[in-house]
Amino acid sequence: MTDPKKTNTEILQATVTFVQEQLKNAESGHDWWHIQRVWNNTKLILKTEEADAFVCELTALLHDIADSKFHDGDETIGPRMAGEFLESLYVDPIITEHVQKIIANMSFKASLDEVKFHSKELDIVQDADRLDAIGAIGIARAFNYGGFKNREIYNPNISPLITQSKENYKNSTAPTINHFYEKLLLLKDNMNTATAKNIAQQRHHFMGMYLQQFYEEWEGVK
Ligand code: ADP
Ligand code: NI
C-alpha cells in the first residue's frame, strides 16, 4: 500500500486545484483571483509576522470556498467543505480543525457577532482578506458588488449607517458609496497585525483621494 501522506507543498498544490474548480463560476468579488490576492497578501504579511505559515496559506486558499450569502445564509457550509477536503488529503486533524475555526470566525460579518476564537494565524489571514477590500481593488470590488445587487452608486439623500447590526448589514440596500463609510474606511484601524496596519495606510489614503475626486465630479466642480 502506498503512503497517503503528502508533503505540505503537495497539499497546497492540491488545494489550489480544488479551490480553482470550486470557484469556477463564482462572482468576481470572491473568485479565484480574490483568493490568489489574499494568498499573496498572506505571504507578504508572513515575511514580518511569526506564525504557522502552512495553516495561514491553507486558510487563505480555502476561506471563501462557500459563501453563506449564496447558500441561503448557511454559515457552516464553508468550514464544513474545507474540513471534508482536508480530511480527504489526510491532513493532520489539529491543522484541519484550526483552519475550520479560522474560516468560521474571520469574516467581517462574523466579527460583528461575539468573537469566539482567536489565533495569530486568524489575525494574519483576516488582515490579508481585509487588505483586499480596501485600496484600488477594494473600490473595484465594492462597485462590482453594488452593480450585482443593482444598487445606486451614490445618493446624497441616504446617509451611511456607521454602526449597525449584522442583520442590517446583510440586508442593506444602501448606495455603494455608503459602504465606504460603513466598512471600507474602518478597516485600516481594524487590522490585527502591525505589518497589515502599515500596508493599509497607503491603500486607505488612496480611497480618501478617490472619494474627494468623486464628490468634486458629482458636483461638477472639477
Ligand atoms: P466578508 O466575506 O468579509 O463578510 P463580504 O462578502 O460582505 O465580506 O464582502 C465581499 C466584498 O464585497 C468586499 O470587497 C466588500 O467590500 C464588498 N461588499 C460587501 N457588501 C457591500 C455593499 N453593501 N456594497 C458594496 N460592496 C460591498
Ligand atoms: Ni475573502
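Does Tyr90 count as buried or exposed, and at what relative accessibility? Beyond that, which residues are the protein donors of the nickel ion (ligand 2)?

A: The model is a predicted one, and what follows should be read with that in mind. Tyr90 counts as exposed, because its relative accessibility is 54% and the cut-off for that class is over 50%. The residue sits in the loop between α4 and α5 (93–105), and its phi is near 60°, a positive value in a residue other than glycine. Asn150 is likewise not a glycine and has a positive phi, of about 55°; Asn150 belongs to the loop between α8 and α9 (166–171) and counts as exposed at 70% relative accessibility.

The protein donors of the nickel ion (ligand 2) are His34 and His63, each through NE2, together with Asp64 and Asp129, each through OD, and they lie 2.1 to 2.3 Å from the ion. Along the chain, these donors follow the spacing H-x28-H-D-x64-D. His34 lies in helix α2 (residues 32–46), whereas Asp64 lies in the loop between α3 (53–62) and α4 (77–88), so this pair ties together parts that are 30 residues apart in sequence. Both His34 and Asp64 are buried. As to geometry, the 4 donor atoms subtend angles of 82 to 171° around the nickel ion (ligand 2), and the arrangement is therefore irregular.

His63, another of the donors, is found in the loop between α3 and α4 and is buried, since its relative accessible area is 7%, where the cut-off is under 20%. Although His63 and Met106 are 43 residues apart along the chain, their C-alpha atoms are separated by 8.5 Å.

Val99 is in contact with Val55, Leu58, Thr59, Leu62 and Leu86, leaving aside its neighbours within four places in sequence.

Helix α8 (residues 135–148) has 14 residues and reaches 20 Å from its first C-alpha to its last, close to the 20 Å expected at 1.5 Å a residue. Its buried residues are Gly135, Gly138, Ile139, Arg141, Ala142 and Gly146; because they cover an arc of only 165° around the axis, they are placed on the same side of α8. What covers these buried residues includes α2, α10 (176–182) and α11 (194–219), while the face turned away from the buried side carries the exposed residues Ala136 and Gly147. After α8 comes Asn150, the residue with a positive phi already described.

Terms used:
Residues numbered from 1 in each chain as written. Chains lettered and ligands numbered in written order. Predicted model: local features only at pLDDT ≥ 70, side-chain atom pairs only at ≥ 80, totals over all residues. Heavy atoms only, no water. Donors = N, O, S within 2.8 Å, 3.2 Å for Na, K, Ca; no water. Tetrahedral: all angles 85-135°; square planar, octahedral: opposite > 155°, others 65-115°. Helix = DSSP H or I, 4+ residues; strand = E, 2+ residues; numbered from the N terminus. Buried < 20%, exposed > 50% of the residue type's maximum accessible area, 1.4 Å probe, protein only. Contact = heavy atoms within 4.5 Å. Expected span 1.5 Å × (residues − 1). Arc of directions from axis to C-beta.
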